[in-house]
Amino acid sequence: MSFSLSPNHDSLEAYLKQFAAGEPEFHQAVNEVMEDIKPVIDNNEAYKQANVFERLVNPERIIKFQVPWQTDAGDIRVNRGYRVQFNGAIGPYKGGIRFHPTVNQSILKFLGFEQTFKNALTGLPMGGGKGGSDFDPSGRSDAEIMRFCNAFMQALHSHIGPDIDVPAGDINVGAREIGYLFGAYRRITGRFQGVLTGKALPYGGSPLRTEATGYGVMYFAQHILEAHDDSIDGKALIISGAGNVAIHTAEKACEMGGKVISLSDSSGFIYDADGLDSEKLDWVKTHKAKSGATLEPYAKKFGAKWTPGKAPWGLTGDIVLPCATQNELDEEGAKQLLKNGAKYVIEGANMPSTADAKSVFADADIVFAPGKAANAGGVAVSGLEISQNRKRQSDDRDEIDARLREIMEHIHESCREEGTRDGKINYSKGANIAGFRKVADAMVAQGVG
Ligand code: NDP
């Protein structure tokens, strides 16, 4: 039997056009995975019989709701809220909540789809999900953020729970928002449960969750460089973003002896030829925590260069770590990086490279690692937070750091096992196939209703 998506669709394009119309980011994510897993499905009768691919490219459930909330001035505003419960074959749905004006169903479906593979790669029992709202928190007061979080949870609470779906943070949803969301859940349901991860320590959080994604990116980077007989020490790193992932990636990179020469935000980027250090990073953390603050004042304070309205892809460096948002690194940026001698692109954000940028890296001698493998450290530590909440215990920071290192090493090993050809590791292929097999095997074993 030859693999086809359904009796009525002989191409993936036709299928996505019908069932995911107007969802370009989702198409991009599916196409990228499909290329690698089609041969795996073609060679496996059980996968074909169970129609795993078609079941995998349709979310199990999408919950859509309105979020009505009140501004400080007393006006009532309405935003759109979503939770995409993508695939629960290997565990309760797990994935972040994003508050950003660009949030829509396509973005959340692509993120939920990627999350399914990422969570499987960690080796922990977590299904894939993602949620959020097109709410723009910039310039909003603390009280407005709290009211929005209350309203969001009012609509979401009946769809989540420790054995159902355990959301976490993502863009613009950090410790403060998780606190408000958790408080709202507890007040509405009367239950103190591990229903969200990324919580603060006093009510069940994990000591390393804030740093985990960025630290994990650098642990993964370390394995990549070692596999190429190279090391981070003395390398110049180009990092984009100035949020949770970017800052903690930069922090660990400095600790490992790398020289971080850039950070960016939605207004532009800074180039610091001397490299960032812990003092400069502490300043960025405090400064960017202020609502609407841009990186521009960094340049004056530390004698760096500020370039408004651009990303840092024209810089010269060895290791490139896009850590801001999806599709931030396009074909032109990829060509500039290639021309300037970049050797490694390791994604801290989810799908920050466009399909065309990935083609540039694939055709060149650049080692490319996708976000679903490199940034899995965040959800891995969230998985550990779930287990510690179930046990009503808390693990210490060193224990969690050791587990995080082990998990990133395990992910690197899975990519190597599934992605090596002619002595070269194709990290995208390795991650896609390793994640897919785990989810597909669980789907086959569980049958259909
Ligand atoms: P934050 O909200 O903490 O930071 C996001 C950063 O990206 C900010 O500096 C923001 O700039 C910048 N940014 C957002 N949109 C754009 C844009 N359109 N153009 C340029 N810059 C932009 O988010 P995180 O650091 O948590 O997340 C970053 C990425 O990592 C996302 O893709 C997320 O899905 C992914 N990720 C996050 C995990 C986590 O644990 N937090 C786990 C795994 C993946 P500004 O400050 O101006 O808004």
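**Entry 1. Conventions.** I worked on a predicted model, in which local features need pLDDT of at least 70, side-chain atom pairs count only at pLDDT 80 or more, and totals for chains, interfaces and linings use all residues. I numbered residues from 1 along each chain as its sequence is written, and the side-chain values use heavy atoms, with hydrogens and water left out.

**Entry 2. Five-stranded sheet.** I took helices (H or I, at least four residues) and strands (E, at least two) as DSSP runs numbered from the N terminus. I counted two strands as paired if DSSP finds at least two bridges between them. On that basis I found an open sheet of five strands in the order β1-β2-β4-β3-β5, with mixed pairing. Its edge strands, each pairing on one side only, are β1 (61-70) and β5 (165-169). Neighbouring strands of this sheet are turned by 20° against each other on average, direction ignored; axes here are lines fitted to C-alpha atoms, for helices over the stretch in contact, and angles run from 0 to 180 degrees between N-to-C directions.

I then looked up β3 (residues 93-99), which runs parallel to β5 and is joined to it by five bridges. K94 has V166 of β5 as its bridge partner. Helix α6 (residues 142-156) packs on the sheet and touches β1, β2 (76-87), β3 and β4 (127-133); contact means heavy atoms within 4.5 Å. The direction of α6 makes about 145° with that of β1.

**Entry 3. α2 against α5.** The axes of α2 (residues 24-42) and α5 (residues 105-121) come within 6 Å and cross at roughly 25°. The two helices are therefore roughly parallel, given that angles under 35 degrees count as roughly parallel, over 145 as roughly antiparallel, 65 to 115 as roughly perpendicular and the rest as oblique. From α2 the contact uses P24, E25, F26, A29, V30, E32 and V33, and from α5 it uses S106, I107, K109, F110, F113, E114 and F117. I sorted these residues into nine nonpolar, one polar and four charged; Ala, Val, Leu, Ile, Met, Phe, Trp, Tyr, Cys and Pro count as nonpolar, Asp, Glu, Lys and Arg as charged, and the others, Gly among them, as polar.

**Entry 4. Seven-stranded sheet.** I found a further open sheet, of seven strands, ordered β9-β8-β7-β6-β10-β11-β12 with mixed pairing. β9 (305-308) and β12 are the edge strands, each pairing on one side only. Within it, β10 (residues 319-322) and β11 (residues 344-346) pair in the parallel sense over two bridges, and I319 stands opposite Y344 in β11.

**Entry 5. α16 against α17.** These axes come within 7 Å and cross at roughly 100°, so α16 and α17 are roughly perpendicular to each other. I listed H412, S414, C415, E418 and G419 of α16 in contact with Y427, G430, A431, I433, A434 and R437 of α17. The classes are five nonpolar, four polar and two charged.

**Entry 6. Second largest pocket.** On a 1 Å grid over the protein atoms alone, a pocket is an open set with protein on both sides within 12 Å along at least five of seven lines, a cavity is a set of points where a 1.4 Å probe fits but cannot get out, and lining residues have an atom within 4 Å of a point. Grid points are joined across faces, edges and corners, and a volume is the space filled by probe spheres set on the points. The second largest pocket holds about 870 Å³. Of its 30 lining residues, K358, A362, F368, N426 and S428 lie nearest its centre. Elements supplying at least two lining residues each include α2, α13 (355-363), α16 (397-419) and α17 (427-446). The lining divides into 10 nonpolar, nine polar and 11 charged residues.

**Entry 7. Cavity.** I counted one cavity of 30 Å³ or more. The largest cavity has a volume of about 30 Å³ and is lined by E32, E114, E347, M351, K358, P370, G371 and K372.
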